[in-house]
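Here is a short note for a colleague who has not looked at this structure before. The points can be read with the model open alongside.

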Amino acid sequence: MKRIALDTNIVNRIAATTGLIEEICTVAKAGRIIIVGIPTVRNELEQTPDLDRRALLVGVYDQFPREDVLDQASVWDASKWGQSLWGDGSHTGVSVEATRTGNTHRGARDGIIAVTASGKADVLVTEDRELKRKVCESTAQCEVWTFEDLIHLVRETK
């Protein structure tokens with residue numbers, strides 16, 4: 001079973017691809033993959049300004065058969081109390097500092113997603129080039145895939 005963590009931008013891409021959520025659910029229910037539920041990803045989806053878009057994205061995310069985990073690091077003002085472990089995530093093989101994509105809350109959240117994927121998933125799927133570069137150059141313990149790589153896995157294992 002492949003453990004897959006999705007970056008927020010991938011949930012957007014899945015929502016925009018007709019029938020893909022159903023395909024992912026079919027493959028997951030067959031025990032071939034499991035989506036690792038990262039609190040920071042759901043929190044970002046919940047911050048989508050457009051209410052209709054937010055409902056769509058959270059609805060897609062909530063359909064995934066997933067194993068919810070705690071964020072594997074905490075960053076002041078980027079993490080939510082009770083949804084994350086205290087520390088910089090080094091126990092996962094990489095720290096937030098090594099994978100954050102900028103000195104903003106968004107950059108810190110990218111680092112939290114990467115650290116959590118490193119500790120809890122086999123693969124992080126993202127279309128964020130800077131995040132991909134940071135994770136690939138780090139000591140993260142997960143692979144980094146594109147959206148197309150995810151589609152290939154899902155359709156190959158149906």
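**Glu44 and its surroundings**

1. Setting aside neighbours within four places in sequence, Glu44 has contacts with Thr8, Arg109 and Ile113. The model is a predicted one. Glu44 sits in helix H3. Its relative accessible area is 14%, and residues under 20% count as buried, so Glu44 is buried.

2. Glu44 also belongs to the lining of the second largest pocket, and so do Thr8 and Arg109. The rest of that lining consists of Asp7, Asn9, Asn12, Leu45, Gln47, Thr48, Arg106, Asp110 and Asp128. The pocket holds about 180 Å³ of space. By type, the lining residues are six charged, five polar and one nonpolar.

3. Which helices each supply at least two residues of this lining? They are helix H1 (8-15), helix H3 (39-46) and helix H6 (105-120).

4. Helix H6 deserves a point of its own. The end C-alpha atoms of H6 are 22 Å apart, and this agrees with the 22 Å that its 16 residues should span at 1.5 Å a residue. Of these 16 residues, 12 are buried, so H6 is mostly covered. The buried residues include Arg109, Asp110 and Ile113.

5. Arg100 lies in the loop between H5 and H6. With a relative accessible area of 16%, Arg100 is buried. Beyond its neighbours within four places in sequence, Arg100 is in contact with Gly107, Ala108, Gly111 and Lys134. Gly107, Ala108 and Gly111 are among the buried residues of H6.

6. Strand S2 (residues 33-37) is largely enclosed by the rest of the structure, because five of its five residues are buried. Ile33, Ile35 and Gly37 point one way from S2, while Ile34 and Val36 point the other way. In general, side chains in a regular strand alternate between the two faces of the sheet.

7. How does S2 pair with S1? The two strands run in the parallel sense and are joined over four bridges; Lys2 has Ile33 of S2 as its bridge partner. S2 also pairs in the parallel sense with strand S3 (residues 66-68), here over three bridges. The bridge partner of Ile35 in S3 is Arg66.

8. The largest pocket has about 230 Å³ of space. Its lining is made up of Ser74, Val75, Trp76, Asp77, Ser79, Lys80, Trp81, Gly82, Ser84, Leu85, Trp86 and Gly87. These residues divide into five nonpolar, five polar and two charged.

9. Ser79, one of the lining residues of the largest pocket, is found in the loop between S3 and H5. Apart from its neighbours within four places in sequence, Ser79 is in contact with Ala73, Ser74, Ser84 and Ile112. Ile112 is one of the buried residues of H6.

10. Ser79 and Arg109 are 30 residues apart along the chain, and their C-alpha atoms are separated by 7.7 Å. Ser79 is in the lining of the largest pocket, and Arg109 is in the lining of the second largest pocket. Arg109 is also one of the contacts of Glu44, where this note began.

Key:
Residues are numbered from 1 along each chain as its sequence is written. This is a predicted model: local features need pLDDT of at least 70, side-chain atom pairs count only at pLDDT 80 or more; totals for chains, interfaces and linings use all residues. Side-chain values use heavy atoms; hydrogens and water are left out. On a 1 Å grid over the protein atoms alone, a cavity is a set of points where a 1.4 Å probe fits but cannot get out, and a pocket is an open set with protein on both sides within 12 Å along at least five of seven lines; lining residues have an atom within 4 Å of a point. Grid points are joined across faces, edges and corners, and a volume is the space filled by probe spheres set on the points. Ala, Val, Leu, Ile, Met, Phe, Trp, Tyr, Cys and Pro count as nonpolar, Asp, Glu, Lys and Arg as charged, and the others, Gly among them, as polar. The expected span of a helix is 1.5 Å times one less than its number of residues. Buried means under 20% relative accessible area, exposed over 50%, partly exposed in between (1.4 Å probe, protein chains only). Contact means heavy atoms within 4.5 Å. Two strands pair if DSSP finds at least two bridges between them.
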